[in-house]
Amino acid sequence: MQGGLVPFGIALLAAVLLRPLRLSGLAVTLAFAATVYLVSGISFESLTGSRKIVLLGLAAPVAAILLGLFNAAWMRSLLAAAGGASAIWVAQRILEQQQLAHMFLWGAGIALYAGWLVFWMDKLHDQPVRAGSAGLALGLGTGGAALFGASATLGMYGIALGAAAGAYLLVQMVTNNRLSCGRIFALPLALIAGLAGCLAVLGAELPWYALFPLAAIPPTAKIAPVSEKAALWLQSALLSAATLACAAGATYLTWRVAGAPPL
Amino acid sequence: MLKRNALAVLLAALPYAAHASDSYTVDPAHTFTHFTINHLGFSTMHGRFDKSSGKVTLDPAAKNGSIEISIESGSVSTGFAKRDDHLKSPDFFNAAEFPSITFKSSKIKFKGDVPASVEGDLTLLGVTKPVTLTVTEFNCGANPMNKKYECGAGAVAQIKRSDFGMKAFLPAVGDDIKLEFEIEAYKD
């Protein structure tokens, strides 16, 4: 309910209502905010890793709008670097407790993962169907894996992203018209999913190698040989099948290690 | 003049020398923190933290003292490993980010020569709140096994986990947590 139905409904409404303003991409952040409110409340004291994810997730669309004023070639690399730095900040308290070698290893790993997702999702920001399919799988894959990895909160954050991206995709499938996308959709989605994955590895039981199939989702959505001329429902279905296979891989890897969630 | 100042300093120091606190080190093998919490309205679940450390000072004559206890949040144990993993996760005790739960006393109230309650600050998940422990048991003496002098105590407290930002699964999993401390500490 909190992680699936509510964010799906809110994203559906937002995607439709904000369409004339070309702000349908905001659907993801609005849906995520609703889930955060219902699951844990919007509070930033004390500033734990999970709360830093919420803070960054809610700030990301504002940053995306501001960055939209610039269209420099280096913008994508800058965003990826900022995504990597965000991962370090989110995990800072955990990293500080590690031995130096582990601190650098884990720090570099999570920065690379978050930066990678931001970079590749940014490459999809002008392709709404591919971005929606990637968002659907990235959200559900991160959420499912985090849920099996013993963190229901991070799990619901991820599933909320997947549900929101699913609603965004559904509007395009039903109307056969592309919605506006942009960084306002891609940046928060990549950032929240990436950071939730990192925190689930460091703070819960998500195995680090489960991040590889998740990292493959945006590139898969980018390069999957699906004709842009095909009907949008067909494009969505084919792209989602390819990306959801990656998400299923991540969830399966976590389930093998951690077993079923302790409900 | 110098002699008079020295005498004044000596006299001022006398009460402290006469009421010097005894310091104790917590015995981790006999010190545990238990907790109980309502599960979905059906039953009361029990758990405990297996590892803790700390220092105690006591001066029954002056009726004061101090307690500092540090509990390893990653040592939480409920008899079911999968649930323990969940309790260590960011949903609950967030052990990776906050490896310690601490209690630091600010005032010990005595009833006669025996501590009756301990006021202090509990820090959980980076949030510090005042908590009062009610002392249910207090005994001192030589340990019959190793002959060392020690004190032991039991104490209880009630907290709301939401006060410390632990809000996962509320209200299905209860908000009220009863804490029970069993402490033994050897005289240094």
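Predicted model: local features only at pLDDT ≥ 70, side-chain atom pairs only at ≥ 80, totals over all residues.
Figure 1. Over all chains, the structure holds 11 aromatic pairs. For A:Tyr252 and A:Trp255, the ring centres are 6.0 Å apart and the planes stand at 35°, so this pair is classed as tilted.

**Figure 2. The aromatic pair of B:Phe49 and B:Phe93.** The ring centres of B:Phe49 and B:Phe93 are separated by 5.1 Å, and their planes meet at 85°, so the arrangement is edge-to-face. B:Phe49 is part of strand 3 (residues 43-49) of chain B, whereas B:Phe93 is found in the loop between helix 2 (81-88) and strand 7 (100-111) of chain B; the pair therefore ties together parts that are 44 residues apart in sequence. Both B:Phe49 and B:Phe93 are buried.

**Figure 3. An aromatic cluster in chain A.** A:Trp116, A:Phe119 and A:Trp120 are linked into a cluster by ring pairs.

**Figure 4. Lysines over tyrosine rings in chain B.** B:Lys148 is placed over the face of B:Tyr186, at 5.3 Å from the ring centre. B:Lys187 lies over the face of B:Tyr149, and here the distance from the ring centre is 5.4 Å.

**Figure 5. The disulfide of B:Cys140 and B:Cys151.** A disulfide is a covalent bond between the sulfur atoms of two cysteines. The count over all chains comes to one disulfide. This bond joins B:Cys140 to B:Cys151, with an S to S distance of 1.9 Å. The link of B:Cys140 and B:Cys151 is right-handed, with 110° about the S-S bond. B:Cys140 lies in strand 9 (residues 127-142) of chain B and B:Cys151 in strand 10 (residues 149-160) of chain B, so the pair ties together parts that are 11 residues apart in sequence. B:Cys140 has 38% relative accessibility and thus counts as partly exposed, whereas B:Cys151 is buried, its relative accessible area being 6%.

**Figure 6. Cysteines A:Cys181 and A:Cys246, in no disulfide.** For A:Cys181, which is in no disulfide, the nearest cysteine sulfur is that of A:Cys246, 19 Å away. A:Cys181 is buried, with a relative accessible area of 9%. A:Cys246 is also in no disulfide, and the nearest cysteine sulfur, that of A:Cys198, is 18 Å away. A relative accessible area of 15% makes A:Cys246 buried.

Notes: Residues numbered from 1 in each chain as written. Chains lettered and ligands numbered in written order. Heavy atoms only, no water. Phe/Tyr/Trp six-rings, centres within 6.5 Å; stacked < 30°, edge-to-face > 60°. Helix = DSSP H or I, 4+ residues; strand = E, 2+ residues; numbered from the N terminus. Buried < 20%, exposed > 50% of the residue type's maximum accessible area, 1.4 Å probe, protein only. Lys NZ or Arg CZ within 6 Å of the ring centre and 35° of its normal. Disulfide = S-S within 2.5 Å.
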